Amino acid sequence: MIRMIDFVLALCGIVILSPVFLMIYIIGIFDTGSPLFFQKRVGKGQRVFTLIKFRTMPVGTDSVATHLVGADRVTRVGRFLRKTKLDELPQLINVIVGDMSLVGPRPCLVNQYELITERALRGVFNVRPGITGLAQINEVDMSTPKKLAKLDRLMIDTMNLRRYLIFFIRTIFGDGAGDRV
């Protein structure tokens, strides 16, 4: 049932927000020359997939966790996209193809070994990663792997349709600060 809700909401989001996608894409061409960013992430069953985002840093920036990147690496447009979470919109495509859910643990980078270990110990990889979740609305990022993995497990253990919708709605209305650098 959640998969069907994910699919329908993501498809509606892409259709309704297509003018926003196009505008950000065009602005991104002028900002970085390459508006989309593709990055390998760890998903359900520890399967690696390609996450899609709007680019917020110059082409060639190292592929490391956001909290490890200096704020000076984020472009002016990128700061706005991160603050408003608009950089996450292309992940709706990841939801449609089944790599992600709208709500779930944020997918980590393949080189975040400590977080991968902590999540594996807690069975976090048994579910699809999400665009938002309990950690995001509480502003817990990947800089605290053990704390994050514990929150991910708590979210998984207590997830139901009502909580799914609450996390989704709270994110839309601004809970969480977006990626911090």
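Both Arg-106 and Glu-88 are buried, where buried means under 20% relative accessible area, exposed over 50%, and partly exposed in between (1.4 Å probe, protein chains only). This is a predicted model, in which local features need pLDDT of at least 70 and side-chain atom pairs count only at pLDDT 80 or more, while totals for chains, interfaces and linings use all residues. Residues are numbered from 1 along each chain as its sequence is written, and side-chain values use heavy atoms, with hydrogens and water left out.

**Salt bridges at Glu-88**

- The side chains of Arg-106 and Glu-88 meet in a salt bridge (3.3 Å, N to O), a term for a side-chain nitrogen of Lys or Arg within 4 Å of a carboxyl oxygen of Asp or Glu.
- This pair links distant parts of the chain, 18 residues apart, with Arg-106 in the loop between β3 (101–103) and β4 (108–109) and Glu-88 in the loop between α3 and α4; helices (H or I, at least four residues) and strands (E, at least two) are DSSP runs, numbered from the N terminus.
- Glu-88 also forms a salt bridge with Lys-53 (3.6 Å, N to O), and Lys-53, which lies in strand β2 (residues 48–54), is 35 residues apart from Glu-88.
- Lys-53 is buried, as is Glu-88.

**A salt bridge within a helix**

- Arg-153 and Asp-157 form a salt bridge, with their closest N and O atoms 2.7 Å apart, and both residues lie in helix α7 (residues 145–158), 4 residues apart, about one turn of the helix.
- Arg-153 is partly exposed, with a relative accessible area of 23%, whereas Asp-157 is exposed, at 54%.

**Network and total**

- Salt bridges that share partners join Lys-53, Asp-87, Glu-88 and Arg-106 into one network.
- The structure holds 7 salt bridges.
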